[in-house]
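Reader: Let's talk about aromatic ring pairs. Show me the model, please.

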Amino acid sequence: MDQEYLRLALDEARKCTPSPTAYCVGCVLTATYPPGSAKPVILARGYSRELPGNTHAEANALAKARQLSQAELEELFPGASFPLTIDAILVHADIYTTMEPCSVRTSGLAPCADAVIAAGIKRCFIGVGEPDDFVNCEGAQKLKGAGVEVIWLAGLEKECLEVARMGRD
């Protein structure tokens with residue numbers, strides 16, 4: 001199941017407009033709610049530069065999840081007690097990202113690792129570590145330090161890196 005969500009994140013990454021100064025990253029946000037429910041539900045998907053403002057995949061998926069209406073949340077989680085809040089759901093969410101969440105933004109925007117931590121997400125599944133092409137990323141370390149379980153998914157590293165570097169020679 002985890003590989004399936006990472007493949008969906010790769011599909012998101014392929015939607016990115018390539019950039020010589022940024023990676024093409026995809027993200028899928030899932031939640032099992034109420035806790036103990038049988039199957040996770042996809043809350044939101046995102047990819048780099050999808051939303052205005054030089055945005056990153058994880059931040060975009062979180063922003064889209066936060067825009068879900070009460071009716072949409074009730075449809076996604078019919079067995080839950082209502083009213084639902086996205087914050088109550090996010091603490092039961094997992095995030096799947098094709099590349100390690102950033103710990104530094106050269107643009108001055110908030111790093112994705114900080115957004116994941118602030119959302120209260122407990123597990124982060126990563127396809128590949130961020131290479132040092134632009135910055136020295138310590139996103140996984142930052143997540144672990146904040147109590148987020150980091151799971152490196154083996155098997156798709158090469159594909160995640162190739163998609164991340166789309167459009168570069």
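Reader: How many aromatic pairs does the count come to?

Author: The model is predicted. Rings pair if their centres lie within 6.5 Å. By this rule, the number of aromatic pairs is 3.

Reader: Which geometry do the rings of Tyr33 and Phe77 have: stacked, tilted or edge-to-face?

Author: The ring centres of Tyr33 and Phe77 are 6.0 Å apart, and the planes meet at 85 degrees. Planes over 60 degrees apart count as edge-to-face. So the Tyr33 and Phe77 pair is edge-to-face.

Reader: How many residues apart are Tyr33 and Phe77?

Author: Tyr33 sits in the loop between strand E1 (26-31) and strand E2 (41-47). Phe77 sits in the loop between helix H3 (70-76) and helix H4 (86-90). The pair links distant parts of the chain, and the separation is 44 residues.

Reader: Is Phe77 buried or exposed?

Author: Buried means under 20% relative accessible area. Tyr33 has 19%, so Tyr33 is buried. Phe77 has 1%, so Phe77 is also buried.

Reader: What kind of aromatic pair do Tyr96 and Phe125 form?

Author: Tyr96 lies in strand E3 (residues 93-97) and Phe125 in strand E4 (residues 123-126), 29 residues apart. Their rings are 4.4 Å centre to centre, with 10 degrees between the planes. Planes under 30 degrees apart count as stacked. The Tyr96 and Phe125 pair is stacked.

Reader: Which residues do ring pairs link into a cluster?

Author: Tyr96 and Phe125 form an aromatic pair. Ring pairs bring in Tyr5 as well, and the cluster is Tyr5, Tyr96 and Phe125.

How values were computed:
Residues numbered from 1 in each chain as written. Predicted model: local features only at pLDDT ≥ 70, side-chain atom pairs only at ≥ 80, totals over all residues. Heavy atoms only, no water. Helix = DSSP H or I, 4+ residues; strand = E, 2+ residues; numbered from the N terminus. Buried < 20%, exposed > 50% of the residue type's maximum accessible area, 1.4 Å probe, protein only.
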